[in-house]
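Hi everyone, thanks for coming. Let me put the model up on the screen, and then we'll walk through it together.

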Amino acid sequence: MTVDVARRPRPKAGGAVFLASLFWRWPGLRTAVLLVPPLAWFVVVYLASLVLLLVTAFWTIDPFTTELVQSWNLDNFLQILQEPTYLRIIGRTVLMAALVTVTDAAIAFPFAYFMARVASRRTQTLLFAAVLLPLWASYLARVYSWILILNHGGVLNWGLTSVGLPAANLAYTDVAVWIVFCYIWLPFMIIPTYSALERVPDSLLEAASDLGARGWRVMRDVVLPLALPGIVAGSIFTFSLTLGDYITPVLIGGGTSFIGNVVYSNIGIANNVPFAAALAMVPIVIMAAYLLIARRLGAFEAL
Amino acid sequence: MTGIWTRAALRVWAALVLLFLFIPMVVIFLYAFNSSKIEAWPIAGLSLRWITAALNDSEILSAIRLSVEVGLITTALALVLGSLAAFAIHRATFFGRDAVNFLLVLPLALPGIITGVALHAFFEFGGILLSVATIVVGHTTFCIVVVYNNVLARLRRTQGSLFEAAMDLGANGFQTFRDVTLPLLSTAIIAGAMLAFALSFDEIIVTTFTAGAQNTLPIWIFAQIRNGQRLPEVNVVVSLVILVTIVPVLIAARLTGGGGTTRSTAR
């Protein structure tokens, strides 16, 4: 049975068909047309804003009139780099970000290893869902929950005193900020570490033990190096998100300033946008350096 | 391969991490049912007192309404822009493809404060008054990637031969899109939309810098936690936000098998 191709009903030749055949012939045109709206959004709104942020950082505010002075100068940056207060704040924020990253990596690695290499297929799926939930669950709610846990009459003190230990009043201290940051960003570390560990072929581990390597040796020389890109990918999030956060220090910190707080108060109370912009450059510069190192370590393939 | 003691230790560790991840959220839910005004553990008893109080509060209700409104408009915009980007990237192999990937994930990977301050400066010096519209612009910028991830992940797993078959059977490009592509992508699109809504509904940092006098739900919560006067209602509202953000993930993970739910770029 043959069908006469010429007599098959053809779709009506409207503008749509014309466009469709045009796209078929030039796939590049299709890509361009599809990509223009989202890219335009990003260029017009996002990139333009980031560029403006950079430009604003070189402007100043007249201290008497609080009017914007649009003349190029390095005053904001000099102030940040010369006043020990700001350098201390930057140092403290970077230290906190590093501490949080290391702690999360230490918590996440054994968990991810269990998920990827020990747990059954079923448990694996369940655990993955169990990590996804806190990843998406309200950020603000999860910060707030720690006030209920760490405050004077909170869950932690109840637990400590009921087993006969002295109460630990951790709320509104830097330790609380550290705990909450570790908690909030932990799923960001677990997922890429797990993905990296899951990709390690069994045969590699068998080869290592065939060659006489014991458990810890295999871990150190085979598993860890292969998981490293995943850990670094996770650290991009834990490090970067800690660098700029102000909600956690404001809600549960003891009044110590981090970069985010200072930026926040300069926009809100002081209304000194240029100075806030200059200070916001600090996490961007630190992250740019961090990303360059991360790329060297192969983290982008694991992202 | 892993020794029995190591396995046992890992099992215990995994259990501890799970407790660490979930106890805080469970605590909030319990506090929402607290019968007392005092925020102390153990809670005095269970009651619906504060739930009723919170759901009859006009300030809270209007904050919820605003957050839903912003979330819906944001989701619609993110759906269109994210899907377009996914379609473009899927079949194309062009120079700068990785750059596009990188650009889209940037607003989620950089601290919110940078996006927030940047947009704040943009609006302030562009002479644009802060309003619901500026909040939506801010939210859309970081929600696009969520839709993009989900749609792209699905497109990657869909066999190209299906589209070719449709074309061979005489469907033109748009018929193929309507009758084949869209049905295949529908669950991924729904998943992306729900996650985008969840992300927008809970967002606080970018919102703080792009809102004028508007009080979205997270802004109300943040102000009340700092104020400390109405924490019993805060417990209820915060539990609601947890639900609104968690349910979409559960559905999305079901619909997509977890493909686009990890928050970094789809590969």
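Let's begin with a helix pair. In H6(B), His139(B), Cys143(B), Val146(B), Val147(B), Asn150(B), Val151(B), Ala153(B) and Arg154(B) meet a set of residues in H8(B) that includes Leu185(B), Ala188(B), Gly192(B), Leu195(B) and Ser200(B). Contact here says that C-beta atoms, placed from the backbone, lie within 7 Å. Helices are DSSP runs of H or I, at least four residues long, and strands are runs of E, at least two, numbered from the N terminus. By class, the residues of this contact are 13 nonpolar, four polar and one charged; nonpolar covers Ala, Val, Leu, Ile, Met, Phe, Trp, Tyr, Cys and Pro, charged covers Asp, Glu, Lys and Arg, and the others, Gly among them, are polar.

A quick word on the model: it is predicted, local features need pLDDT of at least 70, side-chain atom pairs count only at pLDDT 80 or more, and totals for chains, interfaces and linings use all residues. Residues are numbered from 1 along each chain as its sequence is written, with chains lettered from A and ligands numbered from 1 in the order in which they are written.

Zooming out, chain B has eleven helices and zero strands, and its C-alpha atoms fill a box of roughly 70 × 65 × 30 Å along the principal axes. Among its contacts between residues at least 6 apart in sequence, 78% join residues at least 24 apart.

And the partner chain? The contact takes 79 residues from chain A and 77 residues from chain B. On the chain B side, helix H1 (residues 4–32) gives the most, with 15 residues. That side has 54 nonpolar, 16 polar and seven charged residues.

Methods
Contact = placed C-beta atoms within 7 Å.
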